[in-house]
Amino acid sequence: MKILVCDPISDDAVKLLKQSVDVGSDYRPDITAAQLLEVVPNYDALIVRSRTKVTRDVMLAAPWLKVIGRAGVGVDNIDSNAASEMKVKVLNTPDALTNAVAEFTVGLMLDLARRIPRADATMRKGEWSKSAFHGMELKGRIYGTIGIGRIGQRVAEIVHGFGMKIMANDIIPIPKALIEDLGVVVSTQDQVFEQADFVDIHVPLTPETEHLVNYGKLRKMKKSAFLINTSRGKVVDEADLLRALNEGLIAGAALDVFEKEPPSQSELLKNEKVVLTPHIAGQTEEAQFKAGTQVVEEVVRYLHAQ
Ligand SMILES: NC(=O)c1ccc[n+]([C@@H]2O[C@H](COP(=O)([O-])OP(=O)(O)OC[C@H]3O[C@@H](n4cnc5c(N)ncnc54)[C@H](O)[C@@H]3O)[C@@H](O)[C@H]2O)c1
């Protein structure tokens, strides 16, 4: 049996793969879509991150394919309908990136509040612009999250330590412990958009969440409020976000994910009110170690059980 790794995974995960005596593997972290279609008939399993799109065509071209392992959380780069029709198992590593993404989100929040990247940029231009940087404190402010699953909960734990008030909206009941221990206020989506100083998005990309953040929602936000998105680019309508920023409807935004990645032609790149990062929220040594090794273990275990 043979596994094809289509995206970069940690060195420890590659080592683990090589130790698997009865399962062969090829490591092609830069494979293109065309190359994948050509070679996929030779494999029983694929391991991907978010770059490789495992489409229906890829699965149709792979008669021996039994399992697709995703090192990470969101499986929106895998056609899950096609996978279930063709009885191809899809595995992911839901917990591996949680803490990394949560800490990164808090970092973005601090950047928005204190404009640290902008201050750094002015220093490098030889400026000493103390008066240009009047920040705000997080203590006492309202943190609002749409989606309070694994990542949303971890962010809530951290910002509770900062003394922030926490509002959360979810489509499933919010655990009692979060309400009792962190004082999370269960809210409607509108309440979060209307009242929070930081509206933070932690939902998966689904047909229901695509463009969940649109002009209608953004215009409900306070003019002093910020939007943060580390979930998936398509959850935010970027054209609407730009309009809201240009019209001064919100104070700013921080984005780690984009409708099209990389967002090379996007007007967002020119907008001073936006902090942009290249989809790196989950990219820590610890998270990539966990995601890589867990996905290898699970895919190999699944193949052995066949
Ligand atoms: N930027 C990155 O590098 C990175 C890394 C990891 C995960 N992510 C993204 O973060 C997302 C969240 O991860 P998680 O581990 O917290 O997932 P999770 O499944 O634990 O939590 C998602 C929560 O969103 C809720 N939800 C779904 N639809 C909703 C809706 N319409 N309105 C309100 N709530 C809704 C769910 O009920 C759930 O509680 C992932 O799906 C992934 O897309 C991004």
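Predicted model: local features only at pLDDT ≥ 70, side-chain atom pairs only at ≥ 80, totals over all residues.
Where the two domains meet, 5 residues of domain 1 are in contact with 4 residues of domain 2. The area buried between domain 1 and domain 2 comes to about 360 Å², and carbon and sulfur atoms give 49% of it. On the side of domain 1, V73, D76 and A287 lose the most area to domain 2, and together these three residues account for 77% of what that side buries.

The residues on the side of domain 1 that touches domain 2 divide into 2 nonpolar, 1 polar and 2 charged. D76, already named among the residues of domain 1 that lose the most area to domain 2, has a side chain that meets the side chain of R232 in a salt bridge, with N and O 3.1 Å apart.

Is T93 buried or exposed? T93 counts as buried because its relative accessibility is 1%, and the cut-off for buried is under 20%. When its neighbours within four places in sequence are left aside, T93 is in contact with R70, A71 and G72, and also with A291, Q294 and V295.

Salt bridges occur elsewhere too, and the structure holds 11 of them. One of them joins R56 and E85, whose closest N and O atoms are 3.0 Å apart. Because R56 belongs to helix α3 (residues 56-60) and E85 to helix α4 (residues 80-85), the pair ties together parts that are 29 residues apart in sequence. R56 is partly exposed, with a relative accessible area of 31%, whereas E85, at 52% relative accessibility, counts as exposed.

Another salt bridge is formed by the side chains of D197 and K222, with an N to O distance of 3.0 Å. Here both partners sit in loops, D197 between α9 (189-195) and β9 (198-201) and K222 between α10 (215-218) and β10 (226-229), so this pair ties together parts that are 25 residues apart in sequence. The two partners fall into separate accessibility classes: D197 is buried, with a relative accessible area of 7%, and K222 counts as partly exposed at 27% relative accessibility.

Helix α11 (residues 238-246) deserves a separate look. Which residues of helix α11 are buried? They are E238, D240, L241, L242, A244 and L245, and what covers them includes α10, β10, β11 (252-255) and β12 (274-276). The N-terminal end of α11 is capped by D237, which places a side-chain oxygen 3.1 Å from the backbone nitrogen of A239. After the helix comes G248, whose phi is positive, near 70°. R243 forms a salt bridge with E247, the closest N and O atoms being 3.0 Å apart; R243 counts as partly exposed at 41% relative accessibility, and E247 is likewise partly exposed, with a relative accessible area of 39%.

Some features of the backbone remain to be pointed out. The peptide bond that leads from E261 to P262 is cis, its omega being near -5°, and P262 is found in the loop between β11 and β12, two strands that are also among the elements covering the buried residues of α11. K87, a residue other than glycine, has a positive phi near 55°; this residue lies in the loop between α4 and β5 and counts as exposed, at 71% relative accessibility. R115, also a residue other than glycine, has a positive phi near 55°. It is found in the loop between α5 and α6 (116-124), where R115 is partly exposed, with a relative accessible area of 36%.

Terms used
Residues numbered from 1 in each chain as written. Heavy atoms only, no water. Contact = heavy atoms within 4.5 Å. Buried area = accessible area lost by both parts, 1.4 Å probe. Salt bridge = Lys/Arg side-chain N within 4 Å of Asp/Glu carboxyl O. Nonpolar A, V, L, I, M, F, W, Y, C, P; charged D, E, K, R; others polar. Buried < 20%, exposed > 50% of the residue type's maximum accessible area, 1.4 Å probe, protein only. Helix = DSSP H or I, 4+ residues; strand = E, 2+ residues; numbered from the N terminus. Polar contact = N/O pair within 3.5 Å; in protein donor to acceptor, adjacent residues only side chain to side chain.
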